[in-house]
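This report walks through a single protein chain, from one loop to the wider fold. Please keep the sequence and the structure open while reading.

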Amino acid sequence: MSTVSIGEVHKVGDSAGWTTIGNVDYKQWGATKNFQICDVIVFEYNPQFHNVIQVTHTEYKTCNASFPITTHTTGNDSITINTYGHHFFICGVPGHCQAGQKVDINVLRTPSVAPPPSASSSPVPTVPAPSPNDAAPFKKLGWLSLVLQLLFVVVLNAEYNL
């Protein structure tokens, strides 16, 4: 039995799609997303006027489509992200990348972490450790008792973000 992990689907440029019309800020669009492994990046565009070229960082910075990693031309291209790091895409039509039709899909190794709670937040309740006498009924259960206690600690930590 195998399971397939499908990530989130991100349409580049949202409702505008992949275009030079409408002043879409693809740099801002990419910066506001939290890309993960298995996410699907969808480029929707008119293939008569655009394409999608995956390039290196150097080609991305200089808008050079001469050395593509991959080229997509269907007008409805879905690209599954399988590796961490930056994935650079440009439109290879002359002048389009220079006009801003380029996007950096950055997949971070660790998801963004929520900021620590402020001093004004409610205190985390403390739970006293069980005394040896409290564990007496569980002695016969041995390892099961240990697993249940560990599970209790994990749940408490997760619940209170300890």
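Asp 25 is partly exposed, at 47% relative accessible area. Asp 25 belongs to the loop between β1 and α1. Its C-alpha atom is 8.2 Å from that of Gln 101, although the two residues are 76 residues apart along the chain.

Asn 23 is in the loop between β1 and α1 as well. Asn 23 is exposed, with a relative accessible area of 73%. Its phi is near 50°, a positive value in a residue other than glycine. Cys 38 also has a positive phi, near 80°. Cys 38 sits in the loop between α1 and β2 and is partly exposed, at 21% relative accessibility. For context, most residues other than glycine have a negative phi.

## Basis of the values

The model is predicted; local features need pLDDT of at least 70, side-chain atom pairs count only at pLDDT 80 or more, and totals for chains, interfaces and linings use all residues. Residues are numbered from 1 along each chain as its sequence is written, and side-chain values use heavy atoms, with hydrogens and water left out.

## Chain layout

The protein chain holds three helices and seven strands. Both are DSSP runs, numbered from the N terminus: helices are H or I with at least four residues, strands are E with at least two. Along the sequence the pattern reads β-α-β-β-α-β-β-β-β-α.

Of the 162 residues, 27% count as buried. How much of the contact set with a separation of 6 or more comes from residues 24 or more positions apart? The share is 69%. A contact means heavy atoms within 4.5 Å.

## The open sheet

Three strands form an open sheet with mixed pairing, in the order β1-β2-β5. Its edge strands are β1 (9–11) and β5 (76–80), each pairing on one side only. Neighbouring strands are turned by 20° against each other on average, direction ignored. The axes are lines fitted to C-alpha atoms, for helices over the stretch in contact, and angles run from 0 to 180 degrees between N-to-C directions.

Strands count as paired if DSSP finds at least two bridges between them. Strand β2 (residues 40–44) and β5 run antiparallel and are joined by five bridges. Within this pairing, Val 42 stands opposite Ser 78 in β5. In general, strands of a sheet pair through backbone hydrogen bonds.

## Aromatic pairs

There are five aromatic pairs in the structure. Rings of Phe, Tyr and Trp (its six-membered ring) pair if their centres lie within 6.5 Å; planes under 30 degrees apart are stacked, over 60 edge-to-face, and the rest tilted. Trp 29 and Phe 35 make a tilted pair, 5.9 Å centre to centre with 50° between the planes. Trp 29 is buried at 6% relative accessible area, and Phe 35 is buried at 1%.

Phe 43 and Phe 89 make a tilted pair too, at 5.2 Å and 55°. That pair links distant parts of the chain: Phe 43 is in β2, Phe 89 is in β6 (residues 85–90), and they are 46 residues apart. Phe 43 is buried at 0% relative accessibility. Phe 89 is buried, with a relative accessible area of 0%. Ring pairs join Trp 18, Tyr 26, Phe 43 and Phe 89 into a cluster.

Which residues have the most contacts inside the largest nonpolar core? They are Val 12, Trp 18, Ile 41, Phe 43, Phe 89, Val 103 and Ile 105, in a core of 16 residues. A nonpolar core is a set of buried Ala, Val, Leu, Ile, Met, Phe, Trp, Tyr and Cys residues joined through side-chain atoms within 4.5 Å. At least two core residues come from each of α1 (26–31), β2 and β7 (102–107). The largest share, three residues, is from β7.

Phe 89 touches, among others, Trp 18, Phe 43, Ile 79, Val 103 and Ile 105, not counting residues up to four places away in sequence. A second, separate core has seven residues, including Val 55, Tyr 60, Phe 88 and Ile 90.

Tyr 60 also has a charge over its ring. Lys 102 lies over the face of Tyr 60, 4.6 Å from the ring centre. The criterion is NZ of Lys or CZ of Arg within 6 Å of the ring centre and within 35 degrees of the ring normal.

Methods: Buried < 20%, exposed > 50% of the residue type's maximum accessible area, 1.4 Å probe, protein only.
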